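Me: I am new to this structure and would like to go through it in questions and answers. Please start with any term that is needed.

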Amino acid sequence: MSSLLRSAPPTDPQAEVLRRFVEAARRAQIVTIVNRAQTEEELGELVTAELCEAFDAEVAFVLAEADGQPYVVGSYGLSPYEVECLLDGEVADAAVKADAPFVGRTLRGVVGVARLYDQPLDEAEAALLGAVAASIGHALERLRLAGERDRLYRDAEERGNAARVIGSIADGVLLVDDVGIVRLWNPAAESITGLAPELVLGRRLQEAIPGWSTIAGSVVVLNDSASSGGHATVVPLDIDGRELWLSIQGVDFADGTVYAFRDLTAAHRLEQLKADFIATVSHELRTPLAAVHGAAKTLQREEIVPGGEVFNRLLVVIAEQSDRLTAIVNNILLASRVDSTDLEVASESVDVVALAADVLAAARAVVDDRLTLELITPPELTPVAGDREKVRQVMTNLVANAAKYSPAGGRIEVELTRGDGELQIVVRDEGLGISADEQSLIFEKFYRADANMTRGVSGSGLGLYISRELVIVMGGTISVQSELGKGSTFVVTLPIGAEAPPA
């Protein structure tokens, strides 16, 4: 503390009590103002004005230093130039000047007042100024700590919000630091890849994600998240025997790289199935078209006698192959219809026993002689209310599928049972069977079983898809149980109305 101080003149006891009472009131008022301030700017503005009032001074200021840099907390009675002089340590000449330093844990500073007339501060005033300086120092510490607390809270809140956003988005998010260690692996990334966080976090990227080293050179990594020049890279990634097709894009930042990826496996499989479907249907159409074309060209030859044996046989070929063409085209058209919302469900009296018998009779006319088709039904099964043509289509598709995948012959059974408000149709065969990993896929559009397992059985891949969609439209369910080499059992359950008399 430095000031132009002289010893206070002797006073009488009553005046001394009054003086101390006034000083205490001033101190309490200043401390109240100091504690009321919510910001450093507010503290500097209020306390310097009050200091001038309390000490009957014309100039007051509060200087502080934080991180080695001095700054003005507040000033009163000084021009901007004089404030700059304070920061340079060149306090203007004054008749009376008093400085009270304060030192805190993270900052230090000084509180000063100046009178522009010849009346120095006495010892009591100097002590009051020192106490005020200590209070201001504590207040600045409090405000600094409160600001740091608020900043930490905001940072924590922002991190929490970012974590919630990253945890809720459907895209996988992967963050790698500048040395290649995985630091973030969100729930979507775990769901897409099947890799748990404990297997990925804290490990090098190439070690944590199998196959990453093979695709790393293909992944587009931008230098700026706002850049629009790059496109996501679609790459195959083999993880524990599962082939995933991922769309990946990365962005570099100061501390590493963040990758975002989404699963395109289903879309890629659908595109592949579409391509296979086009190739398959082209092949399926080419065979009957070639037969029809060949038979028609033969009929044009002069030696073919109308009504003769060869003539009639060629007509049979044309009729059979035309039926085959019609069936293929109808399946394609029906597949497009079940995708739309205009498919209606009729409610009429359906004799399901007679309907199943018709389906089996039609199948017997075209299947291999080594196949035996049998209908199993209880004698009390009466007509039900339902959609006859949709039920017929489902039965026809399932029986045709069973015959197609029984190239060595065997037995095909169609069993009808009726429960509480539902009709169950079971189609069993003793054919090739379906592998466990394909049983969840055979009802998908365009899907065809592995040719190595089906011994080259042809088909468009639409029959089971159409059957599933028709069953769903009718409010029922369809499922399959199968084992390779031991045949398959398809179970259709349909809701039905009350018993209806025959039409």
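Reply: Strands are DSSP runs of E with at least two residues, and helices are runs of H or I with at least four, both numbered from the N terminus. The model shown is predicted.

Me: How many helices and strands does the protein have?
Reply: The protein has 503 residues, and buried residues make up 39% of them. Its secondary structure comes to 14 helices and 18 strands.

Me: What share of the contacts with a separation of 6 or more comes from residues 24 or more positions apart?
Reply: Contact here means heavy atoms within 4.5 Å. Among contacts in the protein with a separation of 6 or more, the share from residues 24 or more positions apart is 60%.

Me: Where does T382 lie, and is T382 buried, partly exposed or exposed?
Reply: T382 sits in the loop between β13 (371-376) and β14 (384-386). Buried means under 20% relative accessible area and exposed means over 50%. The relative accessibility of T382 is 29%, so T382 counts as partly exposed.

Me: What distance separates the C-alpha atoms of T382 and V353?
Reply: Along the chain, T382 and V353 are 29 residues apart. Between their C-alpha atoms the separation is 8.2 Å.

Me: How are W185 and F261 paired: stacked, edge-to-face or tilted?
Reply: A search of the whole structure finds 3 aromatic pairs. In the pair of W185 and F261, the centres are 6.2 Å apart and the planes stand at 40 degrees. Planes under 30 degrees apart count as stacked and over 60 as edge-to-face, so the pair of W185 and F261 is tilted.

Me: Which strands does the pair of W185 and F261 link?
Reply: W185 and F261 are 76 residues apart, so the pair links distant parts of the chain. W185 is buried at a relative accessible area of 6%, and F261 is buried at 5%. The strands are β7 (residues 182-185) for W185 and β11 (residues 256-263) for F261.

Me: Which class does the pair of W212 and Y259 belong to?
Reply: W212 is in helix α8 (residues 212-215) and Y259 is in strand β11, 47 residues apart. Both residues, W212 and Y259, are buried. Their ring centres are 5.2 Å apart and their planes are at 75 degrees, so the class is edge-to-face.

Me: Are helices α11 and α12 parallel, antiparallel, perpendicular or oblique to each other?
Reply: Helix α11 (residues 352-364) and helix α12 (residues 388-404) have axes that come within 10 Å and cross at roughly 40 degrees. The crossing is right-handed. Angles under 35 degrees count as roughly parallel and 65 to 115 as roughly perpendicular, so α11 and α12 are oblique.

Me: How do the residues in the contact of α11 with α12 divide by class?
Reply: On the α11 side the contact is made by V352, L355, A356, D358, V359, L360 and A363. On the α12 side it is made by R388, V391, R392, M395, T396 and V399. By class they divide into 9 nonpolar, 1 polar and 3 charged.

Me: How are α12 and α14 oriented to each other?
Reply: The axes of α12 and helix α14 (residues 463-473) come within 9 Å and cross at roughly 150 degrees. The crossing is left-handed. Angles over 145 degrees count as roughly antiparallel, so the orientation of α12 and α14 is roughly antiparallel.

Me: How do the residues in the contact of α12 with α14 divide by class?
Reply: From α12, the contact includes K390, Q393 and V394. From α14, the residues include G463, L464 and I466. The division is 7 nonpolar, 5 polar and 1 charged.

Me: How do the residues in the contact of α10 with α14 divide by class?
Reply: Helix α10 (residues 309-338) packs with α14 at an angle of about 40 degrees, with the axes 10 Å apart, and the crossing is left-handed. N331, L334, A335 and V338 of α10 meet Y465, I466, E469 and L470 of α14. By class these are 6 nonpolar, 1 polar and 1 charged.

Me: Which residues does V491 touch, not counting residues up to four places away in sequence?
Reply: V491 lies in strand β18 (residues 488-495) and is buried, with a relative accessible area of 19%. The residues touched are Q424, I425, V426, T477, I478 and S479.

Definitions and conventions:
Residues numbered from 1 in each chain as written. Predicted model: local features only at pLDDT ≥ 70, side-chain atom pairs only at ≥ 80, totals over all residues. Heavy atoms only, no water. Phe/Tyr/Trp six-rings, centres within 6.5 Å; stacked < 30°, edge-to-face > 60°. Buried < 20%, exposed > 50% of the residue type's maximum accessible area, 1.4 Å probe, protein only. Axes fitted to C-alpha atoms, helices over the stretch in contact; angles between N-to-C directions. Left-handed = near helix turned anticlockwise from the far one by under 90°. Nonpolar A, V, L, I, M, F, W, Y, C, P; charged D, E, K, R; others polar.
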